[in-house]
Structure formats: C-alpha cells, structure tokens
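Please look over the chain shown here before reading the notes below. They are set out by topic.

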Amino acid sequence: MRQTLKLTKVELRRLLMCRKTYIMLALNILIIGLSFIEYVRNAGIYICGDKRLSTMDNVVFPYIIGSLFGSLIWGIGILTDSDRVKKNGVNDMMRAFVDEKKASLSRVLAYSVIILIVLGISLIIYLPICSKKMDYLFSYESYFIYPVILYIPCMAITFFLLEGLYNISENISVSLIIFFILTAVQFASPLVENPFISWNRPVNICISDAFGSPAVIRIQLYTRILLMLVAIVLWEFSCVFIRKYQYNIIRSFLIRVKKPVVFVAPVIFLVFAVIMAIKQPFVDHSPIVSLDDMSFTMDDGATETEAEYTDYKRELSFNTLLGLMDGTDEIDLSTVSGDEISFTLGAGIKLKSATIDGEPLEFTSYYDEDNVLDTYFGTKKYVLKNPERKTGKLKLVYGGYPCTSHSNFVLLGYDGMTAIGKNYIYLTSDYMGANMLSADGPDMELYVNVPSNHTPFIESDAMELVKDNGDGTACWKLACSSGRLLSGAYESDKVSYSKEDVYFKYSKVYKDTVKDNDLDGAIQNVFNYCDKHIGELDKNSDGEDIKDIGILQLSAEYGGGYAEKGTVAMQEDILSPQTLSDSRAGSNVNETFTHEIVHLYWGDLGMPFEDDGLWSCEGLTVFTTYRIIKDKYGELYAQKYYVDEWEQDVKDLNNNFYYRHPEYLDKLPLSYRIAIEDSVSATNKYSLMPLMLLKAEEKLGGEEEMDRVLSELYSTRSEYIEYGTGCTLQDFLDIAGLTEEDISVE
C-alpha cells in the first residue's frame, strides 16, 4: 500500500503539471455551468427523463449532466494515460520496476483526487447561481449532498471500469467502444428507469425543496456502492490479464491463476456485491404479474369472519435515517371461528412475531397469485396458525422498508413515492400495518411516533398530540385510520369563502411563496366561482359526511395529485416559485392548482362519472378550470393556453397512425401499446372532451346557458350516488337538449 500511495503522489503531480488535465477540468466545469442555462436544461431533460423539475432540480440537474459528460471526458483521459506507457514503448521497462496493478490503482486514485478538485471548484463557482435560483429555499446541506453522491461515485466507477477494460484488451479503441456501448445501453428502454445499472446516467431526479428526498439519496448511495463493487471486481479480475514480460494475454493469465491469492480480493468484493444485490430493500421479490392478465378484482379472498375483537390498537414508529418502519398491532380477540387468522402486509414489510397472551403462534406467508391485484403491488398474505382457537391479546410485530413491487418496477421503473425521512413521511394505506382480511370489531386506535417538529394527519384529518417521547419524537393519536398518512413540518391556513372553511396545509418553507402569490385568495376564488356557477359543494363522500375540506402539498417525488374524501393533494412543484411565476406555462402548469381543487365538484365530492375513455370527470374539470381562468385573466389568455392547446392536441391525435388504424395496435410490444393507449386516453379526456363542451356552450347560446346545464347536472349528484351509477355523456346531452352530432369535433 505504501508503494501505491507513492505512485499516486507521482501520478497526481504529473497530472497537475499536464496541460491536458486543465483542459479537461475547464471543459467539465463549463458543461456544468452551461446546464444552468434554461434552454440547455430543457434540452437535457430528454437525456435524463421527461420530468418536471422543482427548484432544487435546477441545482441538481447541472451535476447530473456534469456526471454524464464528465465520465466521458475523464474516461478518455485515464485511458490515454493507461496507454501512454505502451505507446511510448517503455511498458516492459516500467513493469520491471513497478507492479502494474499498483500503477493502475494509482492512476485511479490520482484521477479521483482531480475530480474532487473539479467538484470543489464547481461548488464554489456556482454557489451564487444556485443560491439565487433557489432564493429562500436554498439549503447548504442539500446543495452539497446531492452533487457529491451524483458526481464522485460516477467518476470512480468510470475509472475502475476503464482501467479494467484496458488491462484486459490493452487496446484503447476496444476499451472506448465497450465503454460507449455500456453508456448507451443505459438509455435504452426498458433499462432507462433502472437505477441498478445506471452509473453515469442517474435516474429519479425529482428532488423536494421543502421536505428533502431521503429515498433518492438512499437509492443513489446504495446503487453506487453496489456498482462500485462490481467495477472493482472487474478491475481486480482484469489484473490477472496484465501481460508479463515476453508473454501474451493467455500465457500471462495462466501464470497468474496458479496463485490463488490473486482471487481473494475479487471474490470478497463479488460476495459483497451479490449480497447487496440480493438484499436490496428498494424492490421486493414478488412474482411478476403481466397487466394483460390482470383482472382488477378487489376480492380479498376471505369468505367468512375468522375472528372478532373488542379492541384494536396500532402503534407505528419510524427510523427516519434508514427509512424503516416498525409497527405493533394489539388486538383483543373475543371469538375465533377457525384455526387460522389471515392478514396482509405491504411490499417490503415483514412479520417479525405473532403471539397470543405472550405465547408464540406459527405462521406462513406467501404471495396470493389468485388475487392478481395484491400480487401486482407486492402485498404478501400471512396466515396465523391457531389450532386451539385461543382468544386473548393477539400481538403482531412487523417492520421493514416500504418498497416498490417487482411487477411495478418491471413495467414502470423504481417508484420512490413512499417516503420516510426526517422532514417528511408519506405512506399509503397498504404500508400502514396489517390489513386483517376477515376480522370484525370497533374502529382501530392508531398511534404514530414522528419527529417532534412534524404535524401528522391522514388525508386532511388532524391528529391529537398524546405526548412528547423525550427522544426527539412525539406520539400522536389518529382521528381517522383509513387513507394516506402524511407527516411533516406543515403550516395550516384556514381559508374562508362564502359558505365554508377550507384548510390549506403546506410546508413551512413555502410560507413566503403562498403569501407572495396570494394562494389563499386563489382558493377563495375557485370555491366562490364554482358555488356561483355550478352549485354549493356537497360535503358527502361515499355516504360519509366530510368534516373539513383540505388542500395538501405533497413532496415533489409524488407525481401529479388527487382529490379524495374531501382532500385535494398536489405535488410540491405546483406551488414552487418558478412554477407560479412562469407565465409561459399557461394551462400546462400554473392552473394545475385550480384544476385539482375543481375536482371536488367533478369527481371526488362532486358528480360521479361513467368513464368511457372520453366522457369523464377530467374533461369537465378542465373545462371548468378554463372558465375560471377566462374569468380571471381574460379571453385571449384562455384562448391561447387552453383552446389552442386542445385543438393542437386533437389535431396531433387525428394524425396518429395507430389511432386511425387501431387494428395494428395489437402488433406492438406491450410497453409501446400502453404508451399509445395512455396518450390517446389523455387527449380524449383533457383536450377532446373540453372542446366538445365548448362547442356545446356555443350551441346553447353562451356561458349563462352552459352554467344552467352544469348546475342542473350537479344538482342530480345525490341520485347517482344513491343508485351507485355515474353520469354519462347522454345524461349531459339530455339536460342540454343536444345530440352527439351537435357537439362532435372534427
């Protein structure tokens, strides 16, 4: 090791005295800087995936591009240096004095020092730019941690990989070709969203300004350590092929393999890599289920009541550093009708123990492939063995890392929406403990232990603070046990409009953004407009009266938004300063805030719809949003950012070959077929249907007549809910006195 360090010092000194080093250094720093330019950044989105960027992404993105092109620049540099001795014809002389393996490692270490210098200079130079772009959302912690985990491992993996390729081939052209092929493969579908093979093409770049992105940090670190081990294994193995004096590659290999000691290091690194690959916590090992075979049944497989209980308490705790969840269910069983009690746990969550009054119960677990929906989402079924049909206090202890199901990963890539971190916790109901399949009893009492600065709630329902645990966490009791659990440093505004109060909950770091953009006023405007033109909001959801209407801000990692049980939730970047100030975005981004709120009238608390791929709640929501924006910003603005966009989308749809010839669609691979079908469905709902409604408005004679029709349509909501049906296009036409030909769009 001492000789390696001496060689590294010599190699580093040589690099610092070489003009080529400074050219590459300047080029890499320049590429990072160019990525801050808006046009370059927008073009680069297609390299790293078509994702909408938050404020922090503007900082992270340049280092993603810097990692990609930096690996090419410095990769070529280290290859030329590896070939330098051979090119000068002194390789045999060098090998007589220096062990080539140590010389190879010294090059990797010397270049690693150089890229540390590159990153340090870049962070210092671009600090003012990043600080200005993020404004008051800027965080030194985030600014340094994301570039470090993206850039440094990428370069180190590149160096070990190329040194390994050159040691085997001793040909710079062959090594470069293989390197370029491996880089290009990462961009090929379906590998493009796979983080486990992307070393210089990072994935999942949606970073949260308000809450941080611990899941992104964990998977980036984990996968880069894994890929680093693989690269080291390749490099270690390649050293066996280094040519001995006057021997070719085969004879050199045969001489070295006679010494088992040469395989000790690569085997050790390989074992660690295999263990990490097998034990990775981010994707479960459930069977892969094809969407073609999926019948979205909600049957849980239970046919009769297996047990009854008098009390059910659940307590959840979180390791915010590692992203782990631990849970304990205590159930007072009063009667047991069979020898088994069954329940399910979400992907990544495992049962640790099950006892009745302290006595352990045996259990089995499996993926119920008869329930295709559960299998697709990685939900595992557990069956407790209770042959003596004991009653008493059943205690279930479970925990794990909430992860993406295998089927979902194969189809869509890594899904990091479920998050457990020091600033933010987000869990869907599947991950919130044991789902008893056939047990009856009173409502569960749910307790959660979260960081003391958090405010937890399910949907918009507030929780009651029970106690401070004295360890930096606090225990809260839940008022509602069904829905999504959110917890974070939230601010809550009570926004009053003409009829009701609405609770707007958002990250505390967005307080200035909400105030500067008068989002409370925007909320008032939407509800006042809809109450006036559509009707008063009906606060009944699935037969349940909603106490409070809530609007929630989610982390940027959550794609899109939803409206459910009186809660409108939208991802963080819809409220970001750059989004709200981007007047060019029009209906593409700015009015998404309004759009999601309107869903309370058409969709969630509003009218149920029979979605036929064209007629849906989305179309009426888009049209109503258009009317609100037209009323607020004027007809020219609404025409440009709504009507013109709809018409262009429909025109593009009509020009689509597979839309005009659906008989050829079945000949395409599943992934392409799904993409085309999703595109057609989105255009129908978000563009074609609004155009049809606009034409109906023209046929009816103007906005007042259209308001009368929509108001009458909304007033019949309770009838549809009572009979369990949804509003159809024909229902709308009957109220309007129109026909399909009247509103058809060419």
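The model is predicted. The chain holds 746 residues, 52% of them buried, and its secondary structure consists of 26 helices and 24 strands.

**Whole chain**
- Counting contacts between residues at least 6 apart in sequence, 74% link residues at least 24 apart.
- The chain has an accessible surface of about 34100 Å², and carbon and sulfur atoms account for 55% of that area.

- An open sheet is built from four strands in the order 6-7-3-11, with antiparallel pairing.
- Strand 6 (362–366) and strand 11 (435–436) each have a single partner strand and stand at the edges, so one side of each has no neighbour in the sheet.
- Six bridges join strand 3 (residues 340–345) to strand 7 (residues 380–385), and this pair is antiparallel.
- E340 has K385 of strand 7 as its bridge partner.
- In general, the strands of a sheet pair through backbone hydrogen bonds, in either a parallel or an antiparallel sense.

**Helix 10**
- Helix 10 covers residues 214–238, which is 25 residues.

Technical notes: Residues are numbered from 1 along each chain as its sequence is written. This is a predicted model: local features need pLDDT of at least 70, side-chain atom pairs count only at pLDDT 80 or more; totals for chains, interfaces and linings use all residues. Side-chain values use heavy atoms; hydrogens and water are left out. Helices (H or I, at least four residues) and strands (E, at least two) are DSSP runs, numbered from the N terminus. Buried means under 20% relative accessible area, exposed over 50%, partly exposed in between (1.4 Å probe, protein chains only). Contact means heavy atoms within 4.5 Å. Accessible areas come from the Shrake-Rupley method with a 1.4 Å probe; for residues, only the protein chains shown count as cover. Two strands pair if DSSP finds at least two bridges between them. The expected span of a helix is 1.5 Å times one less than its number of residues.
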